[in-house]
Amino acid sequence: MKFDTLQQGITFYESYARISGFETRLSSKKKRKSDGKILVKYCVCSKEGFRETPRLHAECKKERPITRMGCKAKLTLKLIND
């Protein structure tokens with residue numbers, strides 16, 4: 001699919017995810033070094049990946065629930081033309 005703007009692609013994927021029953025988050029992006037324009041942006045399932053090993057802090061009173069479970073749902077948005 002082609003979108004006119006990056007935001008249109010993100011909005012489309014968020015709507016699709018809501019209908020399909022999962023939530024999304026914006027992941028990493030790749031920028032052009034010369035002008036900082038975003039070339040690639042990733043929208044992933046909120047359960048994508050795995051949490052790093054838990055860090056033990058003295059101020060932590062309770063452990064957080066596990067929310068990352070390795071889901072592979074992802075949309076890659078790429079800039080085709082300027």
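Lys 2 is exposed, because its relative accessibility of 71% lies over the 50% cut-off. This is a predicted model. The chain has 82 residues, and 17% of them count as buried. Its secondary structure comes to one helix and three strands.

**Overall layout**
- From the N terminus, the elements run α-β-β-β.
- The accessible surface of the chain comes to about 7200 Å². Carbon and sulfur atoms hold 53% of that surface.
- Take the contacts in the chain with a separation of 6 or more: 39% of them come from residues 24 or more positions apart.

**N-terminal segment**
- Lys 2 sits in the segment before helix α1, which spans residues 6-20.
- Lys 2 and Leu 79 are 77 residues apart along the chain. Their C-alpha atoms are separated by 9.7 Å.

- Tyr 16 belongs to helix α1.
- Tyr 16 has a relative accessible area of 43%, so this residue counts as partly exposed: the value falls between 20% and 50%.

- Strand β1 covers residues 24-31, and strand β2 covers residues 38-45.
- The two strands run antiparallel and are joined by six bridges.
- Arg 25 stands opposite Val 44 of β2.
- Six residues lie between β1 and β2 in this hairpin. Gly 36, in the turn, has a positive phi of about 75°.

Conventions:
Residues are numbered from 1 along each chain as its sequence is written. This is a predicted model: local features need pLDDT of at least 70, side-chain atom pairs count only at pLDDT 80 or more; totals for chains, interfaces and linings use all residues. Side-chain values use heavy atoms; hydrogens and water are left out. Helices (H or I, at least four residues) and strands (E, at least two) are DSSP runs, numbered from the N terminus. Buried means under 20% relative accessible area, exposed over 50%, partly exposed in between (1.4 Å probe, protein chains only). Two strands pair if DSSP finds at least two bridges between them. Contact means heavy atoms within 4.5 Å. Accessible areas come from the Shrake-Rupley method with a 1.4 Å probe; for residues, only the protein chains shown count as cover.
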